[in-house]
Structure formats: structure tokens, C-alpha cells
Amino acid sequence: MSYDLIIIGSGPGGYVCAIRAAQLGMKVAVVEKMKTLGGTCLNIGCIPSKALLYASEMFDEAGHHLGPLGVVVAPPKLDLPTMMKHKDDTVAANVNGVAFLFKKNKIDWVKGEGRIAAPGKVVVKGEDGKESTLETKAIVIATGSDVARLPGVDIDEKTVVSSTGALSLAKVPERLMVVGAGVIGLELGSVWRRLGAEVTVVEFLDRILPGMDSEVAKQFQRLLEKQGFDFHLGHKVAKVEKGDGGLKATIEPAAGGDTRTIDADVVLVAIGRRPYTQNLGLEALGVAIDRGMVVVDDHFATNVPGVYAIGDVIRGPMLAHKAEDEGVAVAEILAGQAGHVNYNAIPGVVYTSPEIAAVGKTEDELKAEGVAYKVGKFPFTANGRARAMRHTDGFVKILADAATDRVLGAHIMGFGAGEMIHEAVVLMEFGGSSEDLARTCHAHPTMSEAVKEAAMAVEKRAIHI
Ligand code: FAD
Ligand code: NAI
């Protein structure tokens, strides 16, 4: 078979690239080795984690937060198999949706493991071990990423788990130890905490959520502690031993010093992800790799003509929407259009309770870069809708250039932050100023009014504080 484009990997980078390329008239095939389409995100990442985050949040609401609203219910009972079925059904609906879109757009799904034999040649090894060779004008590597391992700690996905195992535990662990206070650790830690686990987080750095605004991270840590999280910052895990009474983890200060042990029933290793480049034939082909990542130029081209790469396997944040936008951009570039991704306006959301959402620069980054900036902040305690819903935790922070007023970053901690952040994303995409946002009419009463008030606070003219 001969194609215009073959994409290796059907995650949000690969499948979105395929659909856009098909829309632009290309004959497209996607090689995928998993049993279903959608990659990490749809099968074992974004989608199942959000299904469990929502369901566990409802369990927590019913158990602890309805009384003050005058809604009296009996303490809720957990039906974990049904909660897991909700997660599995959600995944099935999404991955089947991608299969439907492939049919609709006449995209071929070639099942098996893909390897690039030469520019324009992809060899696919099927489940039966048989190999077939496909010809193509262009190849996009969209093979994503895999769990980073902790030396000396074997992941069995039963008691010592990665995010994949943590999405399918058969029962609520009494004691869950999370290694890494990043996005996965705090999201999946929240799921099991809400369902009743004691959660201890061991983090190498002296803060949680590295990369997020440090003021947000500090306040968020306090809120998580109120929810029952126990943090050991500035520590690393030296080893995890299995015994009759469960697991014994030895932790030691990151800077060295006395060790101590923590007992746990389940240990979740969530110390990051690594680009996935194994068995692709990249070394033989001479594709440049830097620190595990496939090296690409501004047009997603590798150093080998006709071979491109997008998503988690290249530089930049490991986020589904970043992979999707790169997929669209490379398809448009291959069609002779001006595909482009604005890396300054990629939002990041942590789907905890409350949510954390950010776009653009943090205060820490602006200080390090020596940029003069103004800050506008507004707390949800002063927002009418937040009070009406008893969701007053958190605040909005807008960072604007001191000279031009152009918005450089926005940070929101609060209920629905992951939705509200998009008004700052659109604003930044258009190069807007804090005054543009402050003069934009916002419906009352909404949580989003806090975004407007934070923009007004940049010029010290917020109304409600
Ligand atoms: P992937 O989704 O990893 O897909 C790569 C695909 O390539 C896989 O299906 C793999 O089987 C296939 N593949 C690899 N090699 C071959 C080969 N040789 N032949 C054939 N197929 C191959 N991001 C967000 O933006 N929001 C979230 O809420 C979020 N939640 C997450 C939660 C968890 C628990 C995890 C683990 C990740 C989460 N992420 C989230 C990150 C997100 O999943 C990734 O950024 C995203 O999936 C990257 O997309 P991708 O297309 O680059 O690769
Ligand atoms: P992460 O990079 O977000 O966090 C890993 C944490 O582990 C860091 O705080 C790091 O300092 C710490 N760490 C590293 N080595 C350690 C050690 N030996 N001992 C203790 N702590 C250690 O990675 P995470 O949470 O695994 O997520 C992987 C990727 O998946 C992220 O890049 C993220 O973008 C993506 N993701 C995104 C989500 C979202 O957008 N909501 C949800 C889940 C994952």
C-alpha cells in the first residue's frame, strides 16, 4: 500500500494529525500497536483519570459537603466496581469515537508495531509476528511517552503501581504512598484520598507541582493538607520492600542524611514520563535524539528528510492538547499551509479539588528573566457565585507587562479553574492587555467575574475588594 502520510501512534497527537491530513485531501494510515485507538490519553491517561476524579469528587461531595446546603443524605457507600465501570465505559466511548472518526475520514488503521526502515518505508509487525511494508511520502512519529521508572523499585501494577495500575486498583488501599508531587501524584492521590485512603506524598524537591506558580503551589499544598494529604518534601525513596504486612518504603532526605521507613499498602510511582522511542529504528535511520527526545525544527521536521515528530516524543510540555495542536500544524505544513503552534499560550490544568489552571509565565519565571511586571489578584472569597456554591477556596492572578500591559501569564486556583483559564488563553493568543480583560463585560453572578476583577486589580481598581 502507498500513502501520502503514515503516522506511528494514535494518541491525541497522531489521531488528530490523521484527521486533519485527511481533511486536507491526503491518503493517511495510522500504525497503532495497542488494541484500541487514542493512545495514553484516551486509554490510560487523561480520560480514565478524569472519570475517576469526577466520580470520587461526587462521593466526597455527598459525604461531606451537602449538609451545609441543607441537603441531608445518609453517608454514601462506595461501589468501586461501578465507579470503575463508569471509567471503563467512558474510555470505550472515547476510543470507539476515534475509530468512528477514522472510518468517516477514510483513514486506515494498520494494527501492529511500526518501525521506520527508510524514509518513505514503514514496516509493521502484526500480532501474529508477520511483517508488512508500507510506502509513504511522509512519516510522522507520534509514539508518545512511557512511565519513568525509579531505580530499584519494580512496578508490578498491583501493589507498586504506575498511573496505569493506580487507575484500576481492585480495592481502596488503607495507606497509599505517592512518589512525586507532580500532576499525576496529586490527581490520582486525590482520587484515592477521597475514597478513603491515607495518602503520603514523598517529593524530591522542597515544593509541590514544580513548574506551576510557587504562590499557587504553596496555597494548594495547604488545601491538600486540610484534605488529609501528608507531604514529605525534600525526600526521595531509596527502596521499597515487600513483606507480609504490606510494603516498607525507605525514604531519605534529598540532600542526604538519616533514612526512615514508611509503611504502605500501595506505592504509586509518579516521577514523570519519558519520550517513547524504542524499536522504531531511529538509530539505524540516524534520527537525532537529545536527552531521549526526538529533535525537530520549528516545522516538526527531524534531521531525516520526510520524517517528522510531534507530541510527548518531542520537546515541550507532555500535554494532550499540545500534541493535538502539533498534529494539526504538521498536517497543514505537509499540505503546504502555514501550520503553527503558539507555545506561549498553552494552558495547563491540574484536575484536583480545587482545580489549578495556568497559562503563560509564572511570577518565578518573570523574576528570573528580569521582566518588569504588574500583578492583579482576586480571591474567590469575594465572589458572590463562589459563596453561593461554597467554593471560595483559591484566587485568580493576572500578570501583565509593566510597560505595555500585555498579559504575560494567568494563574487560577479554584472551582472550575480549568474552564475559566480559557478566557486568558484567548486573550493572550490575541496579544491582549489586562485592560482589555478588565473592560470586557462578564455575566453576573459567575466565577469568571473573579478573572475580570483580577485584571482590574492590575490597575488597582478591582471593585469588590
Ligand atoms: P500517546 O498518547 O502516548 O500515544 C502514543 C501512541 O503510540 C500509543 O498508543 C502507543 O501505543 C503508540 N506507539 C508507540 N510506539 C509505537 C510503534 N512503534 N508502533 C505503533 N504504535 C506505537 N494530558 C493532558 O493534557 N491532560 C490530562 O488531563 C492528562 N492526564 C493524564 C493522566 C495520566 C494518568 C497520564 C499518564 C497522562 C496524562 N496526560 C494528560 C498526558 C497525555 O496523556 C499525553 O500528553 C498525551 O497522551 C500525548 O499524546 P501523544 O499523541 O504524543 O502520545
Ligand atoms: P511530573 O513531572 O508532573 O511530576 C513528577 C514529580 O516527581 C516532580 O515533582 C519531581 O520533582 C518528582 N520526582 C522526580 N524524581 C523523584 C524521586 N526520585 N523521588 C521523589 N520525587 C521525585 O510527572 P507526573 O506527575 O509523573 O506526570 C507525567 C506527565 O504527565 C506530566 O508531564 C504531565 O504533564 C502529564 N500529565 C498531565 C496531566 C494534566 O494535564 N492534568 C495529568 C497527568 C499527567
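**View 1. Packing of helices α3 and α4 in the predicted model**. Helix α3 (residues 46-64) packs against helix α4 (residues 80-104) at an angle of about 145°, and their axes lie 9 Å apart. Axes are lines fitted to C-alpha atoms, for helices over the stretch in contact, and angles run from 0 to 180 degrees between N-to-C directions. Helices (H or I, at least four residues) and strands (E, at least two) are DSSP runs, numbered from the N terminus. The crossing of α3 and α4 is right-handed (the near helix is turned clockwise from the far one by less than a right angle). From α3, the contact (heavy atoms within 4.5 Å) involves Ile47, Pro48, Ala51, Leu52, Ala55, Ser56 and Phe59; from α4, Met83, Met84, His86, Lys87, Thr90, Val91 and Asn94 take part. By class, these residues are nine nonpolar, four polar and one charged. Ala, Val, Leu, Ile, Met, Phe, Trp, Tyr, Cys and Pro count as nonpolar, Asp, Glu, Lys and Arg as charged, and the others, Gly among them, as polar.

**View 2. The shell around ligand 1**. Ligand 1 is surrounded by 39 residues (a heavy atom within 4 Å), with Glu32, Thr40, Lys50, Gly114 and Ala320 the closest. The shell holds 16 nonpolar, 17 polar and six charged residues. At least two residues each come from α1 (12-23), β2 (28-32), α2 (39-44), α3, β4 (113-118) and α9 (320-334); α2 gives the largest share, four residues.

**View 3. Polar contacts of ligand 1**. Polar contacts are pairs of N or O atoms within 3.5 Å. A polar side-chain atom of Lys50 is 2.6 Å from an oxygen atom of ligand 1.

View 4. Val349 places a backbone N or O atom 2.7 Å from a nitrogen atom of the ligand, and a polar side-chain atom of Glu187 lies 2.9 Å from a nitrogen atom. For Ile184, a backbone N or O atom is 2.9 Å from a ligand oxygen atom. The protein buries 78% of the 840 Å² that ligand 2 exposes when taken alone.

Residues are numbered from 1 along each chain as its sequence is written, chains are lettered from A and ligands numbered from 1 in the order in which they are written. In this predicted model local features need pLDDT of at least 70, side-chain atom pairs count only at pLDDT 80 or more, and totals for chains, interfaces and linings use all residues, while side-chain values use heavy atoms, with hydrogens and water left out.

Terms used
A polar contact is a pair of N or O atoms within 3.5 Å; within protein, one must be able to donate a hydrogen and the other to accept it, and residues adjacent in sequence count only if both atoms are side-chain atoms. Accessible areas come from the Shrake-Rupley method with a 1.4 Å probe; for residues, only the protein chains shown count as cover.
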